[in-house]
Amino acid sequence: MHQECRSESPGDVTCVAAGYVSAVVDLSERHHQRPILPDGLVVIVKQDCETCRMIAPLLAEFAATVYTQDDPTFPEGADPIFDADLAVSWHHSIETVPTLIRVVDGHEVERTVGWLRSDWQRITGVDTLGERLPVMRPGCGSLSVDPNLLDSLRVRFSGGVLRSRRLELADLDDEMEVLFDRGVTDGLPVTPPTEARVLRMLEGTTRAPDDVVAIVAPDLVEVTIEKVAINAVMAGCRPEHLPWVIAALEAVCTDEFNIHGVLATTMPVGPVVICNGPGTRAVGLNSGVNVFGQGNRANHTIGRAVQLVVRNIGGGRPGGVDRAAHGNPGKLSFCFAEDEVGSPFTSLAVSRGFAANVDTVTVFAGEGPRCIVDQLARDPDQLANTIAACLRTAHHPKLVIGYDCLLVLGPEHARVFGEAGWTRERLLAELHDRLQIPGRELVRGAGGMAEGVPEYLVDLTLGKFRPDGLLLVHAGGGAGLFSAMIGGWANGDLGSRPVTRRVVR
Amino acid sequence: MTRVLLDPTNERSVLQRSRVERPASLHGKTIGLLDISKPRGDVFLNRIEQRLTGLGATVLRFKKPTFTKPAPVDLRHEIATRCEMVIEALAD
């Protein structure tokens, strides 16, 4: 059984299970104030550091307040203050011991780390300090940044910034099952969002936890950085993935993208997240082999986190506002990067007005990908003919203008166009030219098919896609004369427009 | 050791609202018909309007700009202030 905990007053959390108060958790240790350093000189040391032991005798030569991290009796004779919970070290960002700080009126004005004789002599004002010691010795890592302690210290000192309701698990609860039972997963197990994991996730952004990212449909609820981080933990993201999740959510939660409609439609579409910029490689996004497939953490977790926020914050759940007749597997997660390094074309982001060195995400309301095969074409006209013929079938060969399409050109297909000197603009223009279709082929009843455009359009020639309704991306493995097409949903003001947003750390 | 997780939801409570009581008669009532702009929704609503008018109701017609987005707040307000009941048409 699990309990729901809500903060009633600073320091206390009341946990309620089945309507009665079962426990009060004292969280007062999480509300540490930043300790103020005394005026004068302050030294932070630990016994388990050779450099600290080396400089310990010098502490008798000047007046200083000494904090010790590990041994309350060290340094002998210096009357040290034991920083037992490491609060002083944490709040004053001590990364190395020894650290010497000069404090005036409660404010730090000078600091040196390790042993650098000239620094210590200048800061202490003792010109002869440590004359017999080496000129320089590096310090040791502060206990407050010890990897084994970091998570628990972060919870202890920064946990108070987290405002979300706490769910306290009983001893026999399986945390995976609790999260399934609460309906907050997408059908797959999620990483339990502990305070330590969420605080670690928040290290991935410079934005404050209570900063509002967007208003998420269909429930139209503000989502904060903290809530995004919680869902990103659940999705399996690393902290460096968080800015990409945030940017994708900013793009998804716009009137142009219209996530409410993308959810509510009976068509099988969801947000397809296309990532551009040098940061895609830094965070390990895949643009190559098996680009839509399994096996890459960044691709899957970024897309999954976006969907979990839509579900858990926006309230968009299958069978609720999500009315898809079939859906598609990409509604668990559909995110990938464009292969810009190997591309003969300008990137999707550049074509949408962003600089090549800027990280962006573009969201497109798309169905699952479908393969375009042409293993024989070696000149661009032949290959364009094949691609156009396949694109015509998006949703229905007789339906035009109403749906956009994302064309993901594989490297071996792209090379054919690149070697012939075709640019992105040329290729798209050639495809649009080949997709001008006589109305007589499209009207209802033509070809023995009831589906089609109204009869009054019979004498017109109609484009399969609106002029900006075909998006081009370069991605996929280096071998294989294939591309992929991803059909869209009702486009433009009536439905959804692709939206691009810059990724900000 | 106590295990604590953070709630990933919006933490909102669902507001329970009771339905308006079913009227004994539609005679003299003002009923809004909201066309969501799906193809052929008007066919369905035209027939409903005939039936309702035959029962003595006053019918007001409204239309969403697009079926893919929720009705604009102004439209919802107008329907709420001018009508006693509303029928929203799904179609295809």
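Q: Two strands pair if DSSP finds at least two bridges between them; in what order do the strands of the open sheet of four in chain A stand?
A: The order is β19-β24-β20-β23 of chain A, with mixed pairing. A strand here is a DSSP run of E with at least two residues, and a helix a run of H or I with at least four, both numbered from the N terminus. The model is predicted: local features need pLDDT of at least 70 and side-chain atom pairs pLDDT 80 or more, while totals for chains, interfaces and linings use all residues. Residues are numbered from 1 along each chain as its sequence is written, chains are lettered from A and ligands numbered from 1 in the order in which they are written.

Q: What makes β19 and β23 of chain A edge strands?
A: β19 (369-373) and β23 (470-474) each pair on one side only. Neighbouring strands of this sheet are turned by 25° against each other on average, direction ignored.

Q: How do you know that β20 and β23 of chain A pair?
A: β20 (residues 403-409) and β23(A) share five bridges in the parallel sense; the rule asks for at least two, so they count as a pair. Leu409(A) stands opposite His474(A) in β23(A).

Q: How do you know that β13 of chain A and β1 of chain B pair?
A: Strand β13 (residues 166-169) of chain A and strand β1 (residues 3-6) of chain B have four bridges, in the antiparallel sense. Leu169(A) has Arg3(B) in β1(B) as its bridge partner.

Q: How many residues does each chain give to the contact of chains A and B?
A: Chain B gives 15 residues and chain A 30, where contact means C-beta atoms, placed from the backbone, within 7 Å. The side of chain B has five nonpolar, five polar and five charged residues. Nonpolar means Ala, Val, Leu, Ile, Met, Phe, Trp, Tyr, Cys and Pro; charged means Asp, Glu, Lys and Arg; the others, Gly among them, are polar.

Q: Why are α6 and α7 of chain A called roughly perpendicular?
A: Helix α6 (residues 195-202) and helix α7 (residues 225-235) of chain A pack at about 110°, with their axes 9 Å apart. Axes are lines fitted to C-alpha atoms over the stretch in contact, and angles run from 0 to 180 degrees between N-to-C directions. Roughly perpendicular covers 65 to 115 degrees, and α6(A) and α7(A) are therefore given that name.

Q: Which residues of α6(A) and α7(A) make the contact?
A: Arg197(A), Val198(A), Met201(A) and Leu202(A) of α6(A) meet Ala229(A), Ile230(A), Ala232(A) and Val233(A) of α7(A). By class, the contact has seven nonpolar, no polar and one charged residue.

Technical notes
Contact = placed C-beta atoms within 7 Å. Parallel < 35°, antiparallel > 145°, perpendicular 65-115°, else oblique.
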